Amino acid sequence: MPLIHQLSPHLADMIAAGEVVERPASVVKELLENAIDAGASAVTVELRGGGMSLIRVSDNGCGIAPEELKTAFLRHATSKLRTEEDLSCIGTLGFRGEALAAIAAVSRVEIASRRRGAPTGARLLLEGGAAGETEDWGCPEGTVLSVRDLFFNTPARMKFMKKDSAEASAAAAVVQHEALSHPRVSFKLLRDGAEQLCTPGDGQLLSTVYAALGREFALSLLPVEGSGGAILVEGFVSRSLQCRGSRSMQHFYVNGRYVKSSLLTAALEEAYRNQMMKGKFPGCVLHISLPLDAVDVNVHPAKTVVKFLNERAAFDAVYYAVKRALETGGERPAEKAAPQIPVTPAAAPERRSAGRASAAETPRTAPFYQTMTAREFRAREGGGGKPLTSFTEKQSVPWVAEMPGTVSVADVIRPPAPMPEHAAAQNTGVQDAPSPPAPPEPAEHEEPAASPAPEKRPAPETIDLPAPLAEEDAQTRLTPETEAPWRIAGEVLRTYIICEDGAGSVYLIDKHAAHERVNFDRMKAAAAPIMGQQLLVPETVTLAAGEYAALLEHLDLLNRFGFEAEDFGDNTILCRTCPAEIDAAAIAPALEEIAAELLRTGRADPDSARDVMLHTMACKAAIKAGMVNDERELRVLVDKVQSGDIQYCPHGRPVKVRISKYELEKLFKRA
């Protein structure tokens with residue numbers, strides 16, 4: 001057995017640094033927490049080279065006495081704990097006394113500090129954990145701590161660092177978190193000499209949110225205030241219709257400490273149940289205050305995970321506070337009546353009959369939104385025209401507005417023919433039932449309608465399948481229904497296609513998942529580069545700091561797949577070109593989803609990043625649940641699924657579910 005020996009203090013400090021100091025952002029976090037605990041009202045963070053060359057944190061706190069400078073860099077040296085009882089009610093951000101020692105062990109540190117009211121300050125230099133001599137130094141009240149050449153003596157750690165832009169963005173995210181947790185403190189972030197963030201420090205959380213997370217996010221928020229027993233919840237949550245494609249904008253603070261809690265996340269999202277689109281996530285900045293002895297913050301080295309004494313009480317407090325804010329904040333569109341806008345269509349006297357009153361004499365009572373069939377429209381225009389694209393003879397064409405230079409709505413819309421009085425009486429069983437008002441008579445050259453106009457309804461939404469699927473497959477693979485070994489029985493919920501085969505099995509096919517897989521396979525197999533479309537107006541996409549860093553690290557990959565994007569500053573990406581497969585309105589959700597997936601799956605493997613991008617592009621270009629599709633489109637998808645070409649969507653979800661005849665009969669107790 002090898003001999004057991006005790007590690008040297010310096011080696012122990014370097015090992016501890018591996019837990020505390022993971023990257024420059026870790027250093028920024030520890031130094032900011034020390035500044036806040038020192039009672040600072042203004043803190044400035046300077047970064048150079050992504051934090052690898054220089055991290056300087058300046059504050060106007062209480063400062064450190066000259067005789068205590070060296071002691072501050074010893075392991076487990078702290079001013080925040082005295083007795084064992086203090087460990088059960090921690091009210092400060094830092095308390096372990098490991099941060100400064102771990103940072104000094106892997107960098108070159110310079111600290112200058114002056115106590116309030118003291119005539120002069122003191123300075124101390126450290127290199128690799130070895131401290132020099134303390135000397136008198138002229139400096140303002142507070143502390144200025146500079147960390148240079150991070151990991152200079154541990155080159156093995158250097159190869160795990162990301163690009164400077166990614167490391168700087170991660171450090172900026174830490175500054176954002178601390179600024180949102182303490183709105184009374186003014187935070188300023190300087191990156192390579194340029195100001196990236198500045199919060200007012202006026203104590204107003206909303207103004208801090210505006211400065212740290214952007215105007216768009218701040219304007220989408222609702223105030224939250226509630227309590228459950230000794231737990232107080234306050235802050236802001238996003239409106240139901242303005243949720244995002246990831247959880248990157250969820251910020252939880254427990255007694256002023258930024259935490260990551262699956263419990264609080266579940267409580268927040270449960271409050272949005274039935275008020276939020278599937279696949280969307282709410283954003284929030286929520287402060288949870290509770291007694292110090294009701295939460296344990298000493299369960300993680302980075303202190304970002306906490307444990308509640310009463311988890312149910314914490315869940316209920318957040319759930320009911322957020323739910324009350326959504327219910328009283330006018331979130332449900334159905335509760336608000338749409339404004340009534342009077343519409344006066346342009347008159348066309350030359351097309352009216354001689355005995356009909358003019359619009360000035362008789363108010364128009366016909367509804368503005370009416371429908372007419374394609375056959376009637378062609379008959380009005382002289383007949384013989386080409387069939388309207390994507391509409392069958394039985395489908396209706398909505399006319400909802402008038403275009404300049406064209407005939408008016410009154411000339412095109414033809415109301416349904418009235419029911420004869422005797423027929424109406426026979427149908428209702430009431431002889432004296434009043435007949436409906438007679439509609440305007442048609443123009444003399446118009447043909448009478450063969451049947452009343454169909455019931456008012458919006459036009460069916462049609463989806464254009466990609467060219468290889470819509471043209472090649474429709475010609476080569478689509479067969480008449482009588483020749484196929486299966487048949488389409490219908491579609492339910494505008495999402496699932498129902499078909500049956502000759503063996504008596506019934507299949508439910510998810511049309512979105514099937515089309516998504518078709519798009520993904522086609523894009524992945526394509527040898528030609530993905531075509532992009534130039535945007536008339538570039539799209540700006542504001543992201544969370546982590547997502548912003550992930551996209552900056554993969555700008556070249558974005559360009560190869562049709563996204564011509566560049567850094568616009570302030571956590572914003574400027575997109576000038578997007579893939580032709582997706583709509584311009586889907587650019588922001590697509591980039592958010594790509595960034596979230598890159599963060600989740602890792603950013604080192606180019607092939608993995610490529611698949612993530614193809615997944616997102618295939619999803620955004622696919623048929624969506626709720627869309628109305630032509631039967632020919634559905635037949636192409638069913639043909640691919642039933643032939644075995646498609647089994648799963650790119651995310652691994654099944655495309656179809658089979659129900660045998662025996663299973664179906666068991667449901668009805670027939671077997």
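How many residues does helix 2 have, and how far does it reach from its first C-alpha to its last? It has 14 residues and reaches 20 Å, close to the 20 Å expected at 1.5 Å a residue. That expected span is 1.5 Å times one less than the number of residues in the helix. Helices here are DSSP runs (H or I, at least four residues), numbered from the N terminus.

Before going further, some housekeeping: this is a predicted model, where local features need pLDDT of at least 70 and side-chain atom pairs count only at pLDDT 80 or more, while totals for chains, interfaces and linings use all residues. Residues are numbered from 1 along each chain as its sequence is written, and side-chain values use heavy atoms, with hydrogens and water left out.

Back to helix 2. It is largely enclosed by the rest of the structure, because 12 of its 14 residues are buried. Buried means under 20% relative accessible area, exposed means over 50%, and partly exposed is in between (1.4 Å probe, protein chains only).

Now for the charged pairs. A salt bridge here is a side-chain nitrogen of Lys or Arg within 4 Å of a carboxyl oxygen of Asp or Glu, and by that rule the count comes to 19. One of them joins Glu-167 and Arg-23, at 2.9 Å from N to O. This pair ties together distant parts of the chain, 144 residues apart: Glu-167 sits in helix 6 (residues 164–181), while Arg-23 lies in the loop between helix 1 (9–20) and helix 2 (24–37). Glu-167 has 2% relative accessibility, so it counts as buried.

What about Arg-273 and Glu-270? Their side chains also meet in a salt bridge, 2.9 Å from N to O. Here Arg-273 is exposed, with a relative accessible area of 51%, and Glu-270 is partly exposed at 28%.

Over in helix 10 (residues 311–328), Asp-316 and Arg-312 are 4 residues apart, so about one helical turn separates them. They form a salt bridge, with their closest N and O atoms 3.4 Å apart. Asp-316 is partly exposed at 23%, whereas Arg-312 is exposed at 56%.

Finally, look for Glu-110, Arg-123, Glu-135 and Arg-148, which are linked in a network of salt bridges.

Conventions: Helices (H or I, at least four residues) and strands (E, at least two) are DSSP runs, numbered from the N terminus.
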